[in-house]
Amino acid sequence: HLRQQQVENFRFMLPLITSHKSHSSPIEFHDTLEGVLSVSHTFGRAKRARYLTNYSSIKQTYGEAVMKKWAASAHDPRQKTRVQQIIVDEPDGKMFASWIKGSKTWKLRYLPQEIHFTINFDVVDDTVAITSFEPLSMVVIHSKEVAQTLGHLFDQTWDRCTPNAQKKKQG
């Protein structure tokens with residue numbers, strides 16, 4: 001009887017547990033590597049993407065193979081997403097920057113060295129995603145208003161960051 005009650009409780013709770021990941025909701029939450037990567041994968045179909053990225057966290061969590069896959073997409077002639085990316089000035093970010101060199105769709109700038117982010121912050125069309133790596137979790141907000149506001153904040157930050165070409169000249 002206890003087992004049957006547990007099954008009935010689970011059947012009742014399952015829609016509640018999974019509903020927070022539904023596209024009908026303006027907010028999603030993901031706390032598994034597969035869930036976070038599945039959202040990131042959908043960003044490749046966007047018109048415009050603006051990312052603030054810590055590649056040390058990316059490499060540690062997703063692995064270098066994922067970074068290389070993203071870099072390869074920057075050189076894919078079928079890729080239509082216009083990407084602006086601000087990265088933390090650290091070795092893994094510089095490595096990624098070298099991989100996307102020459103991309104026509106992916107523009108990159110560095111945060112000033114005194115600023116260090118440990119999260120990722122993405123504004124992709126009308127969606128915002130914030131990823132924390134300790135513990136791994138992602139909040140996704142589907143809202144044109146939120147995306148426009150945070151996109152404006154990203155643009156203001158972009159204007160104050162060092163372009164990749166200047167960074168190479170600085171050594």
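**View A. Strands S6 and S7 pair in the antiparallel sense.** Seven bridges link strand S6 (residues 127–133) to S7. Two strands count as paired if DSSP finds at least two bridges between them. Helices (H or I, at least four residues) and strands (E, at least two) are DSSP runs, numbered from the N terminus. Thr131 stands opposite Met138 in S7. The model is predicted: local features need pLDDT of at least 70 and side-chain atom pairs count only at pLDDT 80 or more, while totals for chains, interfaces and linings use all residues. Residues are numbered from 1 along each chain as its sequence is written, and side-chain values use heavy atoms, with hydrogens and water left out.

**View B. Eight strands make up an open sheet.** The strand order is S1-S7-S6-S5-S2-S3-S4-S8. The pairing is mixed. Strand S1 (27–30) and strand S8 (162–163) stand at the edges. Each has a single partner strand, so one side of each is left without a neighbour in the sheet.

**View C. Strand S2 pairs with S3 and with S5.** S2 and strand S3 (residues 82–87) run in the parallel sense, joined over six bridges. S2 and strand S5 (residues 120–124) pair in the antiparallel sense over four bridges. S2 is mostly covered, with five of its six residues buried. Buried means under 20% relative accessible area, exposed means over 50%, and partly exposed lies in between (1.4 Å probe, protein chains only).

**View D. Asp155 and Arg50 meet in a salt bridge.** The N to O distance between the side chains is 3.1 Å. A salt bridge is a side-chain nitrogen of Lys or Arg within 4 Å of a carboxyl oxygen of Asp or Glu. Asp155 lies in helix H6 (residues 144–158) and Arg50 in strand S2 (residues 48–53), so the pair ties together parts that are 105 residues apart in sequence. Arg50 is buried, at 9% relative accessible area. Asp155 is partly exposed, at 23%. The structure holds seven salt bridges.

**View E. Arg78 pairs with Asp76 in a salt bridge.** The side chains meet at 2.8 Å, N to O. Arg78 is exposed, with a relative accessible area of 68%. Asp76 is partly exposed, at 25%. Elsewhere, salt bridges that share partners join Lys59, Glu64, Lys68 and Asp92 into one network.

**View F. Glu64 forms a salt bridge with Lys59.** The closest N and O atoms are 3.5 Å apart. Both residues are partly exposed: Glu64 has a relative accessible area of 27%, and Lys59 has 29%.

**View G. Ile27, Phe29 and Val139 make a nonpolar surface patch.** The patch covers about 230 Å². Areas come from the Shrake-Rupley method with a 1.4 Å probe, and for residues only the protein chains shown count as cover. Patches are made of residues with over 30% relative accessible area and no salt bridge; like charges are joined within 9 Å, nonpolar side chains (Val, Leu, Ile, Met, Phe, Trp, Tyr) within 5 Å. Val139 is found in strand S7 (residues 136–142). Val139 is partly exposed, at 33% relative accessible area.

**View H. Helix H2 (residues 33–42) lies across S1, S6 and S7.** H2 runs at about 40° to S7. Axes are lines fitted to C-alpha atoms, for helices over the stretch in contact (heavy atoms within 4.5 Å). Angles run from 0 to 180 degrees between N-to-C directions.
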